[in-house]
Amino acid sequence: MDSIVVTGNGPLSGQIPIAGAKNACLTLMPATLLSDEPLTLTNAPRLSDIRTMTALLESLGAEVQSLQGGRVLAMSSHDLTNLTAHYDIVRKMRASILVLGPLLARHGQAVVSLPGGCAIGARPVDLHLRALEAMGAEMELRDGYVHARAPGGLKGGEVEFPFVSVGATENALMAATLARGTTVLKNAAREPEIVDLAVCLNAMGARIEGAGSSTITVEGVDSLHGATHPVVADRIELGTYMLAPAICGGEVELVGGRLDLVAAFVEKLGEAGIEVAETEAGLKVTRGDGRVRAVDVVTAPFPGFPTDLQAQMMALLCTAEGVSRLEERIFENRFMHAPELMRMGAKIDVHGGTATVTGVERLRGAPVMATDLRASVSLILAGLAAEGETVVNRVYHLDRGYEHVVRKLQDVGAKIERIRGQ
Ligand code: UD1
């Protein structure tokens, strides 16, 4: 298995380009299942999760052409041959459940394996199923599969989510575009990826209003047509690379970065003493001399502080002056990076959903183990600031969500390389 070796060194400087958002692309791709005309995505990220979604769509009979080295995905679902998403593919990636809504809406039936994904707590799909049931679908759970049917087609209805779920909002939104009548989604997720999906669906002829607020209204239409849509910038990749100069000093410009995508995160960076400025090309992050200040962070659905940046923020706070508290409110069991950071000399106490981090002056390099996607990159960030060499093992998680992480960090002066395993 490959590993990544990071040696802490001085300040970083230069530019890092931000790719299209993995999480947006993973919901835009299944949108192809809603139409028999082609859907083309530009600014797609080149990641293993995108290849997994490609394999899943192809297994259903869709065509997915990867053009311009994977930057453009030209998809067509004019001739689906299969309405079953098998366990073999679905187990690799939780977002596979996003084919359920579109298949059901256009074909009146679907069989989808219950998903796997990152090991960050129990992550059920009950909200997805309940939302589709509110639109008239009949669900049966059998042999690890969801068997869904809507013999007369889906009907518009009112769906009130008991709590915010990004995936369930996406599944319901896609399904509602072809449901008969009006669907109202209440307590919907407000993430930029939802807005991006709605923009794409509207470009395909859907009638969606209110995406980005907690009430979304969808007037169902008979069919959707083709479209070309650029994937929104990846706010999690953006936040992650903003932390690189924040952790080891220097000044880095994130090309394609947008403040509105990371406002809550930038507010916390400001409290810690990191400067963020808008530039013509994106965002510029500067860290001056001296230690950063401790801050308290509570993760929340957008526009709150994203859970997907919690591990990386913890890496920064390990060397802050004072005591920081990080409260994880979205996922249980999402502090698996804490014991690994402690191997590097961090002082962290985890009690339930709260981690208390007492800043130390310097971390020390150590061999560590990546446990999930965001944890992996937090260990790399910590390694950039540590004294000596850090070896991050099990880095295959990284390939799911970060394209060219080694090259992007090398380009701003980091000492980092990937060692091929046996
Ligand atoms: C998406 C993102 C993920 C991010 C998460 C929260 C993608 C592909 N993934 O995941 O990177 O960390 O949003 O911002 O976009 N839940 C239920 N029942 C359900 C659905 C969710 O109990 O049917 C729970 C989950 O276990 C979790 C919470 O709801 O505790 C929020 O999860 P959700 O917003 O659905 O996350 P995902 O869409 O899976």
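A polar side-chain atom of D126 lies 2.6 Å from a nitrogen atom of the ligand, a polar contact in the sense of a pair of N or O atoms within 3.5 Å. The model is predicted, with local features requiring pLDDT of at least 70 and side-chain atom pairs pLDDT 80 or more, while totals for chains, interfaces and linings use all residues. Residues are numbered from 1 along each chain as its sequence is written, and side-chain values use heavy atoms, leaving out hydrogens and water.

In total, 20 residues surround the ligand, each having a heavy atom within 4 Å of it. The closest are D126, L127, S165, D308 and I330.

I turn now to the cysteines. How many disulfides does a search of the whole structure find? The search finds 0, where a disulfide is a pair of cysteine sulfur atoms within 2.5 Å. For C200, the closest cysteine sulfur belongs to C25 and is 10 Å away, which is too far for a bond. C248 is likewise in no disulfide, and the nearest cysteine sulfur, in C318, is 14 Å away. Is C200 buried or exposed? C200 is buried, at 0% relative accessibility, and C248 is buried at 13%. Buried means under 20% relative accessible area, computed with a 1.4 Å probe on protein chains only.

Finally, the lining of the largest cavity. Among its residues are A19, K22, D234 and Y402. By class, the lining has 4 nonpolar, 2 polar and 4 charged residues; Ala, Val, Leu, Ile, Met, Phe, Trp, Tyr, Cys and Pro count as nonpolar, Asp, Glu, Lys and Arg as charged, and the others, Gly among them, as polar. A cavity is a set of points on a 1 Å grid over the protein atoms alone where a 1.4 Å probe fits but cannot get out, and lining residues have an atom within 4 Å of a point.

Technical notes. Buried means under 20% relative accessible area, exposed over 50%, partly exposed in between (1.4 Å probe, protein chains only). On a 1 Å grid over the protein atoms alone, a cavity is a set of points where a 1.4 Å probe fits but cannot get out, and a pocket is an open set with protein on both sides within 12 Å along at least five of seven lines; lining residues have an atom within 4 Å of a point. A polar contact is a pair of N or O atoms within 3.5 Å; within protein, one must be able to donate a hydrogen and the other to accept it, and residues adjacent in sequence count only if both atoms are side-chain atoms.
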